[in-house]
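Subject: The model, and what I found in it

Hi,

Here is the structure I promised to pass on. Have a look at it first, and then read my notes below.

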Amino acid sequence: MDFLIQNAVELGAARIVPMASKRSVVRLDAKKAAKKVQRWNEIAKSAAKQSKRSVIPEVTGVMSLKEAVEYGRNLDMLLIPYEDAEGITHSREVLASVKGRKSLGIYIGPEGGFQEEEVALAVEAGAHSITLGHRILRTETAGMAVLSILMFLLEEDY
């Protein structure tokens, strides 16, 4: 998670919402979660400084998938990479439509991937199910892949 937060901040994430789903391997009690969130925010601060970001992204407390889906309802667009999503052409069309959106949310699955009903829950809330290609990516790789694509699509000349 430390690596994921560091790289997400460097790639432009504005907020990171740790999420627990049915196949999540790590389970934190409230005390451990609070210490982790404090550590993760320090990592975000350091990564923001290193990458010369003027805003330090917040790492929120750990949410359940259901809570994260509710949280995401207020965003302009939601993406959920999923290995059984429609083909790459559909994903390219969805990703091409991110321009002009003020807020984007990305649900990244755990090590074992999302369960079908979890994806359905996110899609019902407005998320677009996309594929990242033929390969099954690790959690940390999938997140970085999506953020890299979005950074490339959304980055403005300065």
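Predicted model: local features only at pLDDT ≥ 70, side-chain atom pairs only at ≥ 80, totals over all residues.

Residues are numbered from 1 along each chain as its sequence is written, and side-chain values use heavy atoms, with hydrogens and water left out.

Now the answer. S21 is buried, with a relative accessible area of 5% (buried means under 20% relative accessible area, exposed over 50%, partly exposed in between, with a 1.4 Å probe and protein chains only). S21 lies in the loop between β2 (19–20) and α2. Apart from neighbours within four places in sequence, S21 is in contact with R27, L65, P110 and E118 (contact means heavy atoms within 4.5 Å).

The overall picture

The protein has six helices and seven strands, where helices (H or I, at least four residues) and strands (E, at least two) are DSSP runs numbered from the N terminus. Read from the N terminus, the order of elements is α-β-β-α-β-β-α-β-α-β-α-β-α. A compact globule of 158 residues would have a radius of gyration near 15 Å, and the protein agrees with its 15 Å; that radius is taken over C-alpha atoms, and the globule rule is 2.2 Å times the number of residues to the power 0.38. Along the principal axes, the C-alpha atoms fill a box of roughly 40 × 40 × 30 Å. Of the 158 residues, 38% count as buried. Among contacts between residues at least 6 apart in sequence, 80% join residues at least 24 apart. The protein exposes about 10000 Å², with carbon and sulfur atoms supplying 51% of it (accessible areas come from the Shrake-Rupley method with a 1.4 Å probe, and for residues only the protein chains shown count as cover).

The sheet

Three strands make an open sheet in the order β6-β5-β7, with parallel pairing; two strands pair if DSSP finds at least two bridges between them. At the edges are β6 (104–106) and β7 (127–130), each of which pairs on one side only. From one strand to the next, the twist averages 25 degrees. Three bridges join β5 (residues 77–81) and β6 in the parallel sense, and L79 stands opposite I106 in β6.

Two helices lie across β5 and β7: α4 (residues 88–96) runs at about 140 degrees to β7, and α5 (residues 116–124) at about 135 degrees to β7. For these angles, axes are lines fitted to C-alpha atoms, for helices over the stretch in contact, and angles run from 0 to 180 degrees between N-to-C directions.

Around α1

How do α1 and α6 lie relative to each other? The axes of α1 (residues 2–10) and α6 (residues 139–154) come within 10 Å and cross at roughly 5 degrees. That makes α1 roughly parallel to α6 (angles under 35 degrees count as roughly parallel, over 145 as roughly antiparallel, 65 to 115 as roughly perpendicular and the rest as oblique). F3, L4, N7 and A8 in α1 meet T139, E140, M144 and L147 in α6. The buried residues of α1 are L4, I5, N7, A8 and V9, and their cover includes β1 (15–16), α2, β3 and α6.

After α1 comes G12, with a positive phi near 110 degrees. A13, in the loop between α1 and β1, counts as buried at 11% relative accessibility. Not counting residues up to four places away in sequence, A13 touches A8, R53 and P57.

On and after α2

W40 sits in helix α2 (residues 30–50) and is buried, with a relative accessible area of 5%. Leaving aside neighbours within four places in sequence, W40 is in contact with M1, D2, I5, P18, L28, V59 and V62. W40 and P18 are 22 residues apart in sequence, with their C-alpha atoms 9.9 Å apart in space.

K52 lies in the loop between α2 and β3 (58–59) and counts as exposed at 77% relative accessibility. K52 has a positive phi of about 60 degrees although it is not a glycine.

Best wishes
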